[in-house]
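Please keep the sequence and the coordinates at hand while reading.

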Amino acid sequence: MSAEEGWAQLVSVTDVESAPIAIVKDKITIGRAKECDISLDENKLVSSKHCFVERDRHGKVWLTDTSTNGTLLNLSSRVSKGNKKELHHGDEFYIVYKKNDTELNIGYMYQDMEELQKEELLQTQENSSDDEDILDATVVDSDINAVESSPEKRRRSGEETVTSEPTCKRQKRDCDSPSTTPTTNQGTEEETQISEKGIRKSGSKTQVTLDEDSKTKSSIPAIDKKNDTKDEKDSNSTPTCVFGKDELEEALICIICQEIMHDCISLQPCMHSFCAGCYSGWMDRSNVCPSCRKEVERINKNHIVNNLIDAYLKAHPAKKRDDKEIKELEAKNKITRDMLYPKQTELESGSEDYEDSDDEPLPTTTIFPTPAPAPVLFGLGTPLFGVRPATVCRSCRGYTEPPTPVMGVIGGITTAAINIVKNMIGGNTDTGGAGDTGATAGTTTAGTTTASTTTGTTNEIGGETPGPSTTGGNDGKLESKKDPDEKIMPDPPAFICNANQNHILCACCFQPMPDRRYDYGRRDDVPAQQCTVCWRSFCHNYWGCRKADCTGCLAKFSELNFTKKCLPNLILDNAHESNIFKTYLESEQLSVREVLTTCLQKLDSGAYSCPDQARFRISSTSILCYACGLRNFKELAYSYRRDIHAENLPPAVTARADCYWGRNCRTQRNKPHHAVNFNHICEQTRKS
C-alpha cells in the first residue's frame, strides 16, 4: 500500500530500512497479537495489544495505551495503560525503549500527509528561490550592507546552499552525530540564507536582497550593529542536537518508570540507582538488581544524585512530575530506615587475614545496646510510661514466652496476688515455662492425691488452666476419635535471628517473625511465608499461628483447615443452597477436609477448575492464605455439589425449577424466598 492512499503514515525511527506504514483506517492497532494492524510478534517486551492510533470525528489524532509497561512519547512523557495523548505531526512514540539495549527498541514517527505535502512544497520553493538571481540592495551603511556583484561569490553561495532531504525519509539522529549544517574553513566567507526576500550574511557583512516588485521602493533602513554581532556569535557557535534528551537527563532517569528519579536510592555492590518507590515494588518479588541481576547486599540513599536532580529540576521545571504522581510514588516506598542504616555493626578484630599496612587507628564502631524489655503492669504486657520494647520474635535470643493471658484488670490483679501467695507458702511456682514438659502426676493438695495428665499448665489454687484435656472419662481411657477440624501446629524451623534480622508481621495475628522470604525455594528447610496469590505474609506455615480463632492462616491448599464455619455461605454465597450441601455432608458423614481432598484430586486431574488457576497455576501443593484458599474452594465446592446425583438429594430440592440466570443470579443472595423456590446449581440460560 502506498503512502499516498492514507491520511497519515508511521515512519520507523529504529528500523531505517523499513518503508513507511500508511494509515488508511481511522484506527490502527499495534501489538504482538497477529490480529493487530502492525504485528510485532518477535519482540516479547510488546504487549498483545500494546496501543492504538485513532482519529476522532473532529480530526484530532490520539495515541491510546493498552499495555502493561506504557508507551513513551517524544522521549519525555510516558502514556500509561488506559490513558491517551494527542499526536501531532512529527511526534515520536516508542513501543519499547531500553536505554542499555537499543537493539530491542521499537519506535515510530507520526506524520500527517497534509502537513508532509506542505513541508515538501515549501522546501521546493526554497530550493527554487536559490537558483534565481539575487538583486542588489540599496546601500545604506557600508559597514552593514554590502552589494554582492561578483559572479564568483554568487556561484560559491549557490554551491554552499543545503538541500534538505524529504520529510518522510527523516530518521532519528543521535546527539553525537555531526551537524548537517555545512561549515567552511577559517578565512573563507560563510553565507547563511535567512529568508526568501531579505537578509544574507557573508562574514562580518550583511547582504540585503529584494525581489523584483520591491525595486522601486526607497532605501532600506540601517540594521543595528549589536544585533549583527550577536548573530555572528550565534552562527559561529557549535550547533546543538535537536533530537533526544541531554546527557544529564539520561543519567538521571530511572529504568523502571522511565522518568527522572525521585528519592534516589543505590544498591550495593552494583551501585545502580532507582526511585525508592519503584524499587520497593521490585523488592517484594526479587532480591536482585533490576538492571544487572546481581544480588543486592544493601540499600543506600544516594544524596549526591538527589542534589543533582534538585538542581536539574530547578533549571528545567517543566520536567518535574506533578504532585499527584509524587504522592503515589511516596506511598509505594517500603524502604525503612532500618534497611538504610543498620542499628548495629561489628568489626571482626581477631581475623588473621586482616593486615593494617598503615599506622592509622582502626575505625571505631558504634554498637547500639539492645533496649531492655519495658515494664509491664500486672502481667498484661502493657508498657509503662510509653516505653516500647524492640521487635522480638520467637526465634530471637532472649525471647520468653508470654504469661497465660487473663482478661481484664481484675484478672491481672488476681494473677499477681496468686504469685505472691505462692512465694509466701513456698509452693511450686512453676507455671509451665520453656522447660516445662506440660505433664504433672500425683499432685498432692491438703492430703488428697489426684492423678491427671494435661497438655496445659497446672494451677494449684485456681485449678487447671484452659487447654485440651486427654482424660478419657472415669476409666482414664484416651479418646480414639480425632476431630477433623482440629488445628494442626507445624514444627518451627531451627533458626536463631541475627542482631540485625529483618522481621515481618503476620497479617493474621500481627506478631513478628523473621523475614526469610528470599531463602524460600533456595533452601529446603525454610517454609513459605507468603501467599502465592495475594503475596501477603502469614506465620502459620512457618511455625504455627497462635491467634485464638485462626484455623491455619497459611498452608498448602490441601492442608488448609476451613472447618464447618465456612459451610453457611460456601455454595454461591447462597444460604439456602449452602444449607442443602451441609445437610448432604451430614447425611453422608463427610467432613469439609474430605470434600477438599476430593475436589483437589479432580483439580489436579483437570476435571475441576478454580478462579486463580489460569494466572497462578493453582494446584493442591500451592501455598495459599485462608482467604484466597476459601475463594478457590467455593468454586470447587460448587462443582462438587453439581456432580451430586439427584437421587441423593431430598425431593423438595430436585423438584424446583431452574433459575434463568443460574449461578450468576444476584437475587439469590438477598431474597431468601427466591433462593428457596428456584434451583441455582445450573448455568445461565437467559441472555437479556
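Contact here means that heavy atoms lie within 4.5 Å of each other. The model is predicted, so that local features need pLDDT of at least 70 and side-chain atom pairs count only at pLDDT 80 or more, whereas totals for chains, interfaces and linings use all residues. Residues are numbered from 1 along each chain as its sequence is written, and side-chain values use heavy atoms, with hydrogens and water left out.

Leaving aside neighbours within four places in sequence, E635 is in contact with S609, C610, P611 and R663. E635 lies in helix α14; helices (H or I, at least four residues) and strands (E, at least two) are DSSP runs, numbered from the N terminus. The C-alpha atoms of E635 and L572 are separated by 8.1 Å, although the two residues are 63 apart along the chain.

The protein as a whole has 16 helices and 27 strands. Among contacts between residues at least 6 apart in sequence, 53% join residues at least 24 apart. The accessible surface comes to about 44200 Å², and 50% of this area belongs to carbon and sulfur atoms; such areas come from the Shrake-Rupley method with a 1.4 Å probe, and for residues only the protein chains shown count as cover. Of the 688 residues, 33% are buried. A residue is called buried under 20% relative accessible area, exposed over 50%, and partly exposed in between (1.4 Å probe, protein chains only).

The sheets come next. Two strands pair if DSSP finds at least two bridges between them.

The loop between β10 (92–96) and β11 contains N105. This residue is buried, with a relative accessible area of 9%. Its contacts, not counting residues up to four places away in sequence, are T14, V96, Y97 and K98. The side chain of N105 also reaches the backbone nitrogen of K98 at 2.5 Å.

Strand β5 (residues 51–55) runs antiparallel to β6 and is joined to it by five bridges, with R55 standing opposite V61. The hairpin of β5 and β6 has five residues between the strands, and G59 takes a positive phi near 90 degrees there. Strand β9 (residues 84–87) is likewise antiparallel to β6, joined by four bridges, and L63 stands opposite K85 in β9.

Charged pairs complete the picture. Side chains of opposite charge can pair when their charged atoms come close. A salt bridge is counted when a side-chain nitrogen of Lys or Arg lies within 4 Å of a carboxyl oxygen of Asp or Glu, and the count comes to 15 salt bridges. One of them joins R523 and D525, with the closest N and O atoms 3.1 Å apart. R523 is partly exposed at 41% relative accessible area, and D525 is partly exposed at 43%.

Where, by contrast, does the pair of E577 and R656 lie, buried or exposed? Both residues are buried, and their closest N and O atoms are 2.9 Å apart. This pair links distant parts of the chain, 79 residues apart: E577 is in helix α11 (residues 575–588), and R656 is in the loop between α15 (651–654) and β26 (657–658).

A further salt bridge is formed by R631 and D612, with the closest N and O atoms 2.7 Å apart. R631 lies in helix α14 (residues 626–642) and D612 in the loop between α12 (592–605) and α13 (613–616), so the pair ties together parts that are 19 residues apart in sequence. R631 is partly exposed at 38% relative accessibility, whereas D612 is buried at 10%. Salt bridges that share partners also join E577, R641 and R656 into one network.

Key: Polar contact = N/O pair within 3.5 Å; in protein donor to acceptor, adjacent residues only side chain to side chain.
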